[in-house]
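This report describes selected geometric features of one model, taking backbone, aromatic and ligand contacts in turn. The sequence and structure are shown first.

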Amino acid sequence: MSIYDAIADLYDPWSRTVVEDVSFYVEEARANGGPIVELGVGTGRIAVPTALAGVPVIGVDSSERMLAVCRQRAGEAGVAALLDLRLGDLRAPPVTERVHLVTCPFRALLHLHSDGERLEALAAVRGLLEPGGRFVFDVFAPSREDVEETNGRWLERERGIWERADWDVERRVLVLSVRGASGETRMRLAWLGLEEWGTLLERAGFEVVACYGWFDRTPHAGGEDSVWIARVSG
Ligand SMILES: C[S@@+](CC[C@H](N)C(=O)[O-])C[C@H]1O[C@@H](n2cnc3c(N)ncnc32)[C@H](O)[C@@H]1O
């Protein structure tokens, strides 16, 4: 059972306006060729457009319900044959293939809560990659303004879909609650600073190729989002 099972039907309407990252990940997939592995594939928000661009995707997710929505979406888009969906944990993905690109979009790594878990995930990613292969992901760390504006308040993110962020700045943990007509859940997300992500990548055997501040590939300049391209070193 995953915390996402309860909001699998809510996820797409909830993330309806999150579109800024799609062309970035599709571009990366096209440049690297397939198959690629997407960890935390969810409902296929990115995997389906990637498949539509002709790149096969092996999608891993720990939520059976999110995968079911993804399967349906892929069928409707006519790309079911290009999506190989697998139930599993991103720290031990059920993937024996070796690929040139692994992605983990939309902050899915924030579901990991300790450096031990993060290093486990990064080691798993490294194990999936061919020599010179790339790991592309994005994470975020909140600004003070964001915390002040949103802390403890139910906000209507989309019509009929409410979201509440409870920030623990000292522990760097966000409890995010979401509720709507078709489901509700609460998740704990943990964030890190930029340097710490860089150090973890290095410890796991990656070199950082780029750290952008947004999906338009502008360099990171202190904003909340960071978009990473890392390569297996050596
Ligand atoms: C924010 S959603 C991102 C979904 C999709 N990649 C997107 O961009 O819309 C995070 C996804 O990661 C999955 N997830 C969270 N922790 C996971 C874990 N330990 N192993 C595998 N999947 C996980 C959730 O089930 C969810 O589908």
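In which loop does P35 lie? P35 lies in the loop between α2 and β1 (36–39), where helices (H or I, at least four residues) and strands (E, at least two) are DSSP runs numbered from the N terminus. The model is predicted: local features need pLDDT of at least 70, side-chain atom pairs count only at pLDDT 80 or more, and totals for chains, interfaces and linings use all residues. Residues are numbered from 1 along each chain as its sequence is written, and side-chain values use heavy atoms, with hydrogens and water left out.

## Backbone features

The peptide bond that leads from G34 into P35 is cis, with omega near -5 degrees.

For F106 the angle is about 50 degrees, and F106 belongs to the loop between β4 (99–104) and α5 (115–128). For R217 the angle is about 70 degrees, and R217 belongs to the loop between β10 and β11 (225–232). F106 counts as partly exposed, because its relative accessibility is 26%; the classes are buried for under 20% relative accessible area, exposed for over 50%, and partly exposed in between (1.4 Å probe, protein chains only). R217 is likewise partly exposed, at 26% relative accessibility.

## Aromatic pairs

The structure holds 13 aromatic pairs. Rings of Phe, Tyr and Trp (its six-membered ring) pair if their centres lie within 6.5 Å; planes under 30 degrees apart count as stacked, over 60 as edge-to-face and the rest as tilted.

Why is the pair of F137 and W197 classed as tilted? The ring centres of F137 and W197 are 5.9 Å apart and their planes stand at 55 degrees, so the pair is tilted. Because F137 lies in strand β5 (residues 129–140) and W197 in helix α7 (residues 194–203), the pair ties together parts that are 60 residues apart in sequence. F137 is buried at a relative accessible area of 0%, and W197 is buried at 1%.

F24 and Y212 also belong to a cluster, in which ring pairs link them with Y25, W214 and F215.

## Charges over rings

Two arginines are placed over aromatic faces. R107 lies over the face of F140, 4.1 Å from the ring centre, and the charged end of R179 sits over the ring of W154, 4.0 Å from its centre. A charge sits over a ring if NZ of Lys or CZ of Arg is within 6 Å of the ring centre and within 35 degrees of the ring normal.

## Ligand surroundings

The ligand is surrounded by 19 residues, the closest being Y11, G40, R45, D61 and L90; a residue is near the ligand if one of its heavy atoms lies within 4 Å of it. By class, this shell has nine nonpolar, six polar and four charged residues. Here Ala, Val, Leu, Ile, Met, Phe, Trp, Tyr, Cys and Pro count as nonpolar, Asp, Glu, Lys and Arg as charged, and the others, Gly among them, as polar.

Polar contacts, which are pairs of N or O atoms within 3.5 Å, include those in the table.

| Side chain | Ligand atom | Distance |
|---|---|---|
| R45 | oxygen | 2.8 Å |
| D61 | oxygen | 2.6 Å |
| D89 | nitrogen | 3.3 Å |

Taken alone, the ligand exposes 600 Å², and the protein buries 94% of that. Accessible areas come from the Shrake-Rupley method with a 1.4 Å probe.

## Separations in sequence and space

How far apart in space are L200 and G132, C-alpha to C-alpha? They are 18 Å apart in space and 68 residues apart in sequence. L200 lies in helix α7 and is buried, with a relative accessible area of 3%.

A81 and V169 are 88 residues apart in sequence and 44 Å apart in space, C-alpha to C-alpha. A81 lies in the loop between α4 (64–77) and β3 (83–87) and counts as exposed, at 81% relative accessibility.

Conventions. Polar contact = N/O pair within 3.5 Å; in protein donor to acceptor, adjacent residues only side chain to side chain.
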